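Welcome! Please take a moment with the sequence and the 3D view below, and then we can walk through them together.

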Amino acid sequence: MLFPRFTLNTQQRCSFRKAAKETKTKKGVIEETGPSHTEPSERLIHKRGASPPVEPSVAYAHPRSFGRLVKPLVFTIGFTACSFGTAAIWQYESLKSRVQSYFDEERANWLEKLRPQKQGDLRKRINQWWNSLSEGQRTVTGIIAANAVVFCCWRVPSLQRSMIKYFTSNPASKTLCFPMLLSTFSHYSFFHMAANMYVLWSFSSSIVSMLGREQFMAVYVSAGVISTMFSYVCKTANSLRNSPLLTSGAIMTVLAAVCTKMPEAKLAIIFLPMYAFSAGNALKAIVAMDTAGLVLGWRYFDHAAHLGGAIFGIWYIMYGHELIWKNREPLVKVWHDLRTKGPGGGGNGGSGPL
């Protein structure tokens, strides 16, 4: 792609009298101004593939400027801390309301028996299907639905600019922090989304039974941010000029966590169920492939984000659970004191947190 400055010099040498588009230079980035801003959105549209269209305004002015990563690093640390703090409070509230929920469920079942049953009641069938799911499958259903909604938004031409700005991870973009979280739920390719959601659904029961619903959600969203931060660092260090990518770091964290906790579990590929292999060997192969992709500069997937997600999953199972989750009691105690001392909290509020 030729820069506008080269075009301008060519026109002057050939004595063209057609007015050229104005250009302005700012910090090494040449931006075009003029009628092109009012043209249709075909500049943002390209044929459907695994990666989204590239925004023309995205440029790599200073590819090795690590100073731009200070703000994303602070965001990563703060968001991770808030995620686990929120999960601890969420678990406290869930435990506290469990008794009341039990009585509400018994009353609902009693009323259901009194109400006349309808043949082919759609609501009843949906409830039966929902109750047949494991806790892990019910937990990831919301994540899958969010990914499906974002995938549909990618197909709306009027939303292309906003999707590229907020739902793709790109260390050269002006918006660095929010895409670290939002790209976790973003897929441009249907095959990419289907594969990731299948892996998430398959491992959901195991990971939620290991960590619990609240801790799993904290790990999942934190993994998306941490893996993107790892990708930012690697792309900046290697001066990569590839297009913005949609990361699957959170999925890799789930897979790595389960394989680390249960390395002897048997896995198989959906299209080749006759070939089984251990979870530990599968994790080693995936880490080796992503490491090779990062070193050799493969561009089709964000191998840096995959590798960052896998490392975080392994670290959390081996050390993170002990360092973070088992030290949540001081925060829960503070929350318990605030809840019991508040209006209608019950005075002194008992002996301690649940």
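## A walk through the model

The partner of Lys 326 is Glu 322, and their side chains meet in a salt bridge at 3.1 Å from N to O. A salt bridge here is a side-chain nitrogen of Lys or Arg within 4 Å of a carboxyl oxygen of Asp or Glu. Glu 322 is partly exposed as well, at 44%.

Before going further, a word on what you are looking at. This is a predicted model, in which local features need pLDDT of at least 70 and side-chain atom pairs count only at pLDDT 80 or more, while totals for chains, interfaces and linings use all residues. Residues are numbered from 1 along each chain as its sequence is written, and side-chain values use heavy atoms, with hydrogens and water left out. The pLDDT is the predictor's confidence in each residue, from 0 to 100. Its mean over the protein is 78, and 70% of the residues reach 70 or more. Over residues 55-63, however, the pLDDT is below 50; this stretch has 20 contacts in the model beyond near neighbours in sequence, a contact being heavy atoms within 4.5 Å.

Now for the overall plan. The protein has 12 helices and four strands; helices (H or I, at least four residues) and strands (E, at least two) are DSSP runs, numbered from the N terminus. Of the 354 residues, 36% count as buried. Among contacts with a separation of 6 or more, 71% join residues 24 or more positions apart.

How many salt bridges does a search of the whole structure find? There are five. Side chains of opposite charge can pair when their charged atoms come close. One of the bridges joins Arg 339 and Glu 93, at 2.7 Å from N to O. Arg 339 lies in helix H12 (residues 329-341) and Glu 93 in helix H2 (residues 70-114), so this pair ties together parts that are 246 residues apart in sequence. Arg 339 is partly exposed at 31%, and Glu 93 is partly exposed at 24%.

Lys 235 forms another salt bridge, with Asp 302, where the closest N and O atoms are 3.5 Å apart. Lys 235 sits in helix H8 (residues 213-238) and Asp 302 in the loop between helix H10 (279-296) and helix H11 (303-323), so the pair links parts 67 residues apart in sequence. Are these two residues buried or exposed? Both Lys 235 and Asp 302 are buried.

Helix H9 is mostly covered, with 11 of its 13 residues buried. Among the buried residues are Gly 249, Thr 253 and Cys 259. Their cover includes helix H7 (190-211), H8, strand E3 (266-269), H10 and H11.

Finally, look at the surface. Tyr 198, Ile 269, Ile 270, Phe 271, Leu 272, Met 274 and Tyr 275 form a nonpolar patch there, with about 810 Å² of accessible area together. Patches are made of residues with over 30% relative accessible area and no salt bridge: like charges are joined within 9 Å, and nonpolar side chains (Val, Leu, Ile, Met, Phe, Trp, Tyr) within 5 Å. Accessible areas come from the Shrake-Rupley method with a 1.4 Å probe; for residues, only the protein chains shown count as cover. Strand E4 (residues 272-278) gives the patch its largest share, three residues. Leu 272 belongs to strand E4 and counts as partly exposed, at 39% relative accessibility.

Conventions: Buried < 20%, exposed > 50% of the residue type's maximum accessible area, 1.4 Å probe, protein only.
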